[in-house]
Amino acid sequence: MPARVGTIYRDASFYVDVGSGELKPKYFLVLAAPERGDIVFRLLTSRYAGLRQEDPPCYHGQPYAGFYLGVLGGELGTKSWLDLRRLPDLDRWDFARHEEERRIRRIMEIPIRLLRLAMACAAAADDTTSAQEQLIRDALSALAS
């Protein structure tokens, strides 16, 4: 199934723990998934919750630029933020293969109102490339229609 904007996924093997060498999971939110081209996404985090901005939810400052998503429920039962640090886009063919292999699985869709705010915040973030910004804004525009 193709990646869907507004959906949170869990990648069971997103990064390698440098201490143990173990593959570790990460959650991410799809911000743009054009029919042709790569997927724009940002990671979710609950790390440093006491130091992160909650109100207003969109924060572009230092040290932790992010968008406060709140407590989403289910597997995401703690406060979560969209981490606005730069990430390379995700190859859509790799996404499809990893989903087929069950390395990546769908967790939930976030409410449309929250999604729109998160997308606008991510599009305006310092670490978002101009190409990513355009894709996010195009996807945001498509949500409005």
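**View A. Pairing of strand β1 with strand β7.** Asp 11 has Ile 104 in β7 as its bridge partner. This pair belongs to the antiparallel arrangement of β1 (residues 7-16) and β7 (residues 104-109), which are joined by five bridges. Thr 7 of the model stands opposite Glu 109 in β7. Strands are DSSP runs of E with at least two residues, helices are runs of H or I with at least four residues, and both are numbered from the N terminus. Two strands count as paired if DSSP finds at least two bridges between them. The model is predicted, so local features require pLDDT of at least 70 and side-chain atom pairs pLDDT 80 or more, whereas totals for chains, interfaces and linings use all residues. Residues are numbered from 1 along each chain as its sequence is written, and side-chain values use heavy atoms, with hydrogens and water left out.

**View B. The hairpin of β1 and β2.** Strand β2 (residues 23-32) runs antiparallel to β1, and six bridges join the two. Within this pairing, Arg 10 has Tyr 27 in β2 as its bridge partner. Six residues lie between the strands of the hairpin, and Gly 21 in the turn has a positive phi of about 80°.

**View C. Strand β3 and its two partners.** Six of the six residues of β3 (residues 40-45) are buried, so this strand is largely enclosed by the rest of the structure; buried means under 20% relative accessible area, exposed over 50%, and partly exposed in between, with a 1.4 Å probe and protein chains only. Four bridges connect β3 to β2 in the antiparallel sense, and Val 30 stands opposite Phe 41 in β3. Two bridges pair β3 with β6 (residues 80-83), also antiparallel, where Leu 44 stands opposite Leu 82.

View D. Seven strands form an open sheet in the order β4-β5-β6-β3-β2-β1-β7, with antiparallel pairing. β4 (58-59) and β7 stand at the edges with a single partner strand each, so one side of each is left without a neighbour in the sheet. Helix α2 (residues 112-123) packs on the sheet and touches β2, β4, β5 (66-70) and β6, its direction making about 165° with that of β5. Helix α3 (residues 130-144) packs on the sheet as well, touching β2 and β3, and its direction makes about 65° with that of β2. Contact means heavy atoms within 4.5 Å; axes are lines fitted to C-alpha atoms, for helices over the stretch in contact, and angles run from 0 to 180 degrees between N-to-C directions.

**View E. Backbone features in three loops.** Asp 55 and Pro 56 are joined by a cis peptide bond with omega of about 0°, and Pro 56 lies in the loop between β3 and β4. A cis peptide bond with omega of about 0° also joins Gln 62 and Pro 63, the latter in the loop between β4 and β5. Arg 102, in the loop between α1 (92-100) and β7, has a positive phi of about 70° although it is not a glycine. Arg 102 counts as exposed because its relative accessibility is 72%.

**View F. The nonpolar cores.** The largest nonpolar core has 28 residues, and those with the most contacts inside it are Ile 8, Leu 44, Leu 69, Leu 72 and Leu 82. A nonpolar core is a set of buried Ala, Val, Leu, Ile, Met, Phe, Trp, Tyr and Cys residues joined through side-chain atoms within 4.5 Å. Helix α2 gives the most to this core, with seven residues. Apart from it lies another core of eleven residues, among them Val 30, Ile 39, Phe 41 and Ile 104.
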